[in-house]
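The following exercises concern a protein assembly and are each followed by a worked solution. Please examine the sequence and the structure before reading on.

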Amino acid sequence: MTAYIIRRLFATLPVMAVVTVFVFFLLRLAPGDPAAIIAGDDATAADLEAVRAKLGLNLPIHEQFGLWIWRLAQGDLGVSIFSDLPVTRLIAQRVEPTLALTLSTLFVAVSLAIPVGVIAAWQARKLADRAVMVFAVLGFAIPGFLAAYILIWIFAVKLQLLPVQGYRPIGQGFWPFVEGLILPSIALGVTYMALIARITRASMLEVLSQDYIRTANSKGLATKRVLLLHALKNAAVPIVTVIGIGIALLISGVVITETVFNIPGLGRLTVDAVLKHDYPIVQGLIMVFAAAKVLVNLMIDISYAFLDPRIRY
Amino acid sequence: MTTNFTSRIARAALAAAALALAAPPGAALAQEKVLKAVLHADVRVIDPIWTTQTIANIHGMLVYDTLFGNDVNMVPKPQMVGKYEISADKLTYTFTLRDGLKFSDGSAVTSKDAIASLQRWGKKDGVGIRLFSFVDKMEAVDDKTFKMMLKQPYGMVLESLGKTNSSVAVIMREKEAQTDHNTQVKESIGSGPFMMLKDQWVPGSKAVYVKNPHYVPRPGNEPPSSFAGSKIAGVDRIELIWIADSQTAMSALINGEVDFYENPGIDFLPILAKARGVKLMKTGDLDGTHGMIRLNHLHPPFDNVKARQAMYHLINQEDFLRAIVGDAEYYRVCHGLITCGSPLANDGGSAMLKDYNPKKALQLLKEAGYKGEPITILATTDHNTITPATQVLIQAMREAGINLDVQSMDWGSVVSRRAKKEPPAQGGWNIFITTTGGVGSANPVLHTWIGAACDKGLFGWPCDAKIEELRNAYAFAQTDEEKKKIARELQTRAIEQVVYIPFGQWSTPLAYRADRLEGIVPNTGLTVLWGIRKK
C-alpha cells in the first residue's frame with residue numbers, strides 16, 4: 001500500500017506540470033489586460049505601457065513563464081497585481097471559509113442522503129421511495145443559486161432566523177460560525193444530496209437482491225442489521241466514488257454559493273481574480289485546486305481497499 | 001473564615017477569567033460604533049494615485065487628507081492648509097499647513113511631504129499633469145510653509161488641489177510619495193480621519209478602518225460638504241464589506257446586517273423604498289454618470305466631420321436611458337457636453353443633438369463618402385450600463401441601414417482594444433461606448449473627454465486646435481461671466497466637431513438604514529463616510 005501511495009504521489013507530478021503550462025498560457029491567451037484596469041478610463045497608450053512595464057507584462061511570454069516557474073520552484077506563487085500582497089497570504093486567508101463550507105455541506109449531504117437512499121431501497125416502489133425520487137429529481141432540477149435566493153428570502157429576510165451573508169470564523173463563537181453556514185450548506189448540498197441518495201438507492205437495490213442478503217433475512221436477522229451491516233457495507237464502493245466526484249463538484253459549486261452568500265472563500269477569490277485578470281492569483285489557485293483534486297482521488301482509491309477486501313494494490 | 005473568603009475570591013476570579021476567555025473576540029467590538037458599508041467595489045488597491053479606480057480614492061480619502069477640498073458646489077475650501085496667499089501677479093501661491101497635523105504613525109506632516117505628494121500626483125493624474133505643466137517650481141519655506149511658483153497665472157490651482165473625483169491630490173509621507181508614480185505604495189499611512197487596519201484587510205472581501213488618533217479636524221466644526229468642512233469621524237470603526245451579488249447586498253441591508261449600500265441596482269429600488277428602516281438618498285446631478293459614444297477620428301468614415309455629425313441623427317436619448325435606467329426619476333435627457341444641472345451647463349450647439357432622423361443620418365453618411373463598408377463597434381458584454389446602451393446603438397444603426405461589424409468582448413478587452421490606433425480591419429475600431437462622471441464633466445478643464453488634443457488626447461483622438469485653445473482660455477479666465485462665455489463657446493465647438501455623442505445622464509441613489517444612521521454627507525463624485533453617525 002505504501003509503495004502504491006508513493007507511486008501515485010509521483011504520478012501527480014506530470015499532471016501538475018501539464019496544469020501549470022495550460023493555466024499559464026490559457027490565461028495569457030484570454031482577452032483582457034490588468035494594466036488597463038489599473039490605468040483607468042482616461043489612460044493614454046503611454047500610461048498603459050508604463051503600467052505594463054512595471055508589472056512585467058511587457059516581457060515576452062516565454063520569459064514571463066520562465067520567471068513564474070523559477071519562483072514556483074522556490075515555493076513562491078508571486079504577488080497579486082492589484083493588492084501587491086503575496087498570493088500565498090491571499091489563498092491562506094480564504095482556505096478556512098471554503099473548508100468550513102465544503103465540510104459542512106459534505107456533512108449535511110452525506111448524513112441525510114445515505115439514510116434516505118437506504119430507506120428508499122428498502123421501501124422500493126412504495127410511498128417513501130417515490131418521495132425520495134421526487135426529491136432527487138427536484139434536487140437536480142433546481143439550480144443552486146435559485147435555491148440560495150429562496151432560502152435567503154424565507155429564512156433570513158422574512159423569518160429573520162439566520163443571516164443573509166458573511167462568514168464568522170469559529171474563533172468568534174460556535175453559534176455565529178454555525179448559523180452562517182446553515183443556509184449555504186443546504187443550498188450547495190441539495191444537488192449533492194440528490195446525487196448521493198440516488199446512487200445509494202441504486203447500489204442498495206442491487207445488493208439487496210443478492211443471495212447472501214436472502215440468507216441473512218432467512219436466518220432471522222433484524223432488518224436494521226441486514227441493511228446496515230450486510231447490504232450498506234457492500235454497496236459502499238459506488239457511494240464513496242460518487243462522494244469523491246462530489247467533492248470535485250463542490251469545488252466548482254462553492255464559486256456560486258460563496259458569491260450568493262458572500263463567503264470570502266477560494267471560490268470568490270477565483271472569480272474576482274479571473275474578472276480582474278489577476279494572473280498570479282488565478283495561477284496559484286488552480287495549482288491548489290488541482291492538487292486538492294489529485295489528493296481527494298488518491299484518498300478515495302485508498303478507501304476502496306478498506307471497504308472491499310477483494311481490492312488490493 | 002479568611003480561608004473561605006479567599007477561596008471564594010479566587011473562585012470568582014477564576015470564573016471571571018474563564019468567562020473572559022470564553023467570550024468571543026467580537027464582544028469587545030460590540031461596544032464600538034461600527035459602520036458596515038457596502039460600496040460599489042472592493043478595496044483592492046491602497047494607492048489612490050497609482051490607479052484611477054473610484055474605490056481606491058474612497059479608501060484614500062478615509063486615510064489621507066488633502067490641502068484643499070471642493071464642496072458640493074465645487075468651490076475649493078482649505079483643508080490641511082491653515083492659510084494661503086496668492087501673489088498679485090497670480091504666479092506664486094504660498095501655503096501654510098495647519099498647526100499640529102500628524103500622520104497616523106504620529107509623525108508630523110511637513111512641507112516636504114506635501115511637495116513630494118503633489119509632485120507624484122502631478123505626474124500621474126490628468127488634472128495634476130495639466131496643473132504641473134504650468135508649475136515652474138515648488139519649494140519649502142519652513143516645515144509648515146511652502147510655495148508653488150507658476151510660469152503662467154493658471155486659474156485652477158485650488159480647484160485642482162481640491163478635486164473630488166478620481167486620483168485625488170492626497171498628501172502622503174514623503175517616504176511613500178517618493179515612490180515611482182507607476183508603482184503602488186506599500187503603506188497606507190495618512191493624516192486623514194481614519195486609518196486602515198492592514199492586518200485585517202482581506203482584498204476582495206473586507207477592509208477595516210478605525211479612527212486615526214492623530215487626526216486634527218478643521219476647527220469650528222464646519223459642516224461637511226463633499227471634501228470640504230470638518231471631517232469628524234462619526235463612528236469608531238468602518239468596515240467596507242464587498243458583496244459582489246447585488247441581490248444579497250440588498251437583502252443584507254433589509255435584514256440589518258449592513259448599514260449603508262452605496263449603489264443599489266435600479267431594479268431593486270422599489271423594494272428598498274418599501275423596506276422598513278431603509279431610506280434612499282439622491283446624490284444629485286453632479287454625482288451622476290454621463291453616457292457617451294466615442295467615434296474614432298483617425299479612420300473612415302468618421303475622419304470626416306459630416307459622417308460624425310450624421311450620427312447625431314440616430315440618437316434618441318430616451319431610448320438609451322430607458323434601456324439603462326428605466327425609471328425616469330433617476331435619469332435626465334441632456335443635450336450638452338457639460339453636466340446638465342451644473343453651474344456651467346448651457347445650450348451651446350445643443351440644437352444639433354435634438355434632430356432624431358435616421359434617414360437623414362444615412363443620407364449624410366453617404367454624402368460623406370460612406371459606401372456601406374462595415375463599421376466596427378466594440379460591444380461590451382459585461383457592463384451594467386454600457387452593454388444595454390451599446391445594444392440600443394447597434395439596433396439604431398442597423399435599422400438605419402448601416403453595415404456593422406459588431407465585436408463582442410468583455411469591458412477589459414474594450415479598454416485594451418480602444419487604445420489601438422490601427423485601422424479597424426487591423427485590430428482597431430470605429431465606435432465604442434463609455435461613461436464619465438458628472439463632476440469632471442462640469443468643468444471644461446477637468447472634463448478630459450471634451451478635449452481634442454490629437455495624439456495626446458483620449459481614445460478616438462479628436463483633433464481641433466480651437467477646442468484646446470478654449471480649454472486653456474478657461475483655465476486662465478478670471479471672472480464667472482468670462483468662464484461661462486468660454487464654456488458655451490467650447491461646448492458649441494465640441495458638438496460641431498463631435499468629440500463625442502452624449503446619450504443622457506443618470507444617477508442612482510444610495511440606500512442606508514435611516515433607523516441607525518444620521519449625518520450622511522452630500523457628495524460630488526466620491527462617497528464620503530466621515531460625518532456619518534450611528535444613532
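**Exercise 1: The interface**

Task: State how many salt bridges link chain B and chain A, and describe the contacts around them.

Solution. In this predicted model, two salt bridges are counted between chain B and chain A. One of them joins the side chains of Asp272(A) and Arg44(B), with an N to O distance of 3.5 Å; this pair meets the criterion, which requires a nitrogen within 4 Å of a carboxyl oxygen. Next, polar contacts between the two chains amount to 13 residue pairs, both residues being at pLDDT 80 or more. The elements of chain B that give two or more residues to the side touching chain A are α8 (246-254), α14 (411-417) and β17 (431-437). By class, that side of chain B has 19 nonpolar, 19 polar and 12 charged residues.

The extent of the interface follows. In total, 50 residues of chain B are in contact with 47 residues of chain A. The two chains bury about 3800 Å² between them, and 51% of this area lies on carbon and sulfur atoms.

**Exercise 2: The fold of chain B**

Task: Determine why the radius of gyration of chain B agrees with that of a compact globule.

Solution. A compact globule with 535 residues would have a radius of gyration near 24 Å; chain B has 26 Å and therefore agrees. The C-alpha atoms of chain B fill a box of roughly 110 × 55 × 40 Å along the principal axes. Chain B contains 17 helices and 21 strands. Of its 535 residues, 58% count as buried. Among contacts in chain B with a separation of 6 or more, 72% come from residues 24 or more positions apart.

Terms used. Residues numbered from 1 in each chain as written. Chains lettered and ligands numbered in written order. Predicted model: local features only at pLDDT ≥ 70, side-chain atom pairs only at ≥ 80, totals over all residues. Heavy atoms only, no water. Contact = heavy atoms within 4.5 Å. Buried area = accessible area lost by both parts, 1.4 Å probe. Polar contact = N/O pair within 3.5 Å; in protein donor to acceptor, adjacent residues only side chain to side chain. Helix = DSSP H or I, 4+ residues; strand = E, 2+ residues; numbered from the N terminus. Nonpolar A, V, L, I, M, F, W, Y, C, P; charged D, E, K, R; others polar. Rg over C-alpha atoms; globule rule 2.2 N^0.38 Å. Buried < 20%, exposed > 50% of the residue type's maximum accessible area, 1.4 Å probe, protein only.
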